[in-house]
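User: I would like to learn how to read nonpolar cores and aromatic pairs in a protein model. Could you take me through them step by step?

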Amino acid sequence: MKKLSKLYLGIVFFFLYAPILVLIVFSFNQSKSRSVWTGFTLDWYVKLFHNEVILNSLWTTLSIALIAGVVSTILGTAAAVGISSMRRGPRRLVINTTYLPIMNPEILTGVSLMLLFSFLAIPRGYLTLVIAHITFCVPYVILSVLPKLRQMDRFVYEAALDLGCSPRKAFFKAVVPQIMPGIMTGFLMALTYSIDDFVISYFVSGSSAQTLPITIYSMTRRRVSPEINALSTILFLAVLTVLLLINVKDAKIWKERRKKEAARL
């Protein structure tokens, strides 16, 4: 049974990472061929940093993701705190309503936002992209913060007030540290979904501002340039590095906690 489970796990990882490995290998290929290896080169990485279209799209994507991540984290955290203080009935209703944008097909959300911006006479571009990304990122933050609020001792806030803290100071000193893991998770999820989004961005973007997925899609109509392989390789390595750093940090924190617990015993 263990051998079968390991074999199954190996097959899953193969199908997940084999395409990425092929992409990385052919980002160093001399020719534009995606099937024939002609030699090693770094020319595509050099050309990537001279391609203004890709670089502008990358900058647009990252800036929108950062703005949407920060704003949606603030709004989502505030909404989660408000929802947690509601009564049981209204709280369930609001939580179920919060699930709707996540379960809703992206194409429907994209078309709805496009019609809304047209009705309000807002020209499609950078602003509409930011608003749309904040809209679909907020529910992920809410659903990341709510479990931490449920786990938190509800008397911590009241104890801080009894010790002389103002409501604002009590919130930031007593509540925020308790729910910070949920806030960070929500921020990272918002950042990831914003960078990765294509369908909604496609409907609300304009000629003045396009995200990287839209630029790559427009290139696939003709032929994918190896510069895209180079860019994808850089993004993959950047994400992998961040994940490794987070895991190393979490491992250190876990070891320190274990040492403190062992010292107490």
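Analyst: What follows treats the cores and then the aromatic rings. This is a predicted model, in which local features need pLDDT of at least 70 and side-chain atom pairs count only at pLDDT 80 or more, while totals for chains, interfaces and linings use all residues. Residues are numbered from 1 along each chain as its sequence is written, and side-chain values use heavy atoms, with hydrogens and water left out.

User: What is a nonpolar core, and which residues have the most contacts inside the largest one?

Analyst: A nonpolar core is a set of buried Ala, Val, Leu, Ile, Met, Phe, Trp, Tyr and Cys residues joined through side-chain atoms within 4.5 Å; buried means under 20% relative accessible area, exposed over 50%, and partly exposed in between, with a 1.4 Å probe and protein chains only. Here the largest core has 28 residues, and V145, L146, L149 and I179 have the most contacts inside it. Two or more residues come from each of α3 (52-84), α5 (106-119), α6 (126-151), α8 (167-196) and α9 (199-204), where helices are DSSP runs (H or I, at least four residues) numbered from the N terminus. The largest share, 12 residues, is given by α6. A second, separate core of 9 residues includes Y45, L48, I54 and L231.

User: Which residues does Y140 contact, beyond its neighbours within four places in sequence?

Analyst: Contact means heavy atoms within 4.5 Å, and with those neighbours left aside Y140 is in contact with I102, M189 and Y193. Y140 belongs to helix α6 and is buried, with a relative accessible area of 15%.

User: How is a pair of aromatic rings described?

Analyst: Such a pair is described by the distance of the centres and the angle of the planes. Rings of Phe, Tyr and Trp (its six-membered ring) pair if their centres lie within 6.5 Å, and planes under 30 degrees apart count as stacked, over 60 as edge-to-face and the rest as tilted. A search of the whole structure finds 10 aromatic pairs. For F13 and Y17 the centres are 5.9 Å apart and the planes at 10°, so this pair is stacked; both residues lie in helix α1 (residues 2-26), 4 residues apart, about one turn of the helix.

User: Why does the pair of F28 and F40 count as stacked?

Analyst: The ring centres of F28 and F40 are 5.3 Å apart and the planes are at 10°, so the pair is stacked. F28 is partly exposed, with a relative accessible area of 22%, whereas F40 is exposed at 54%.
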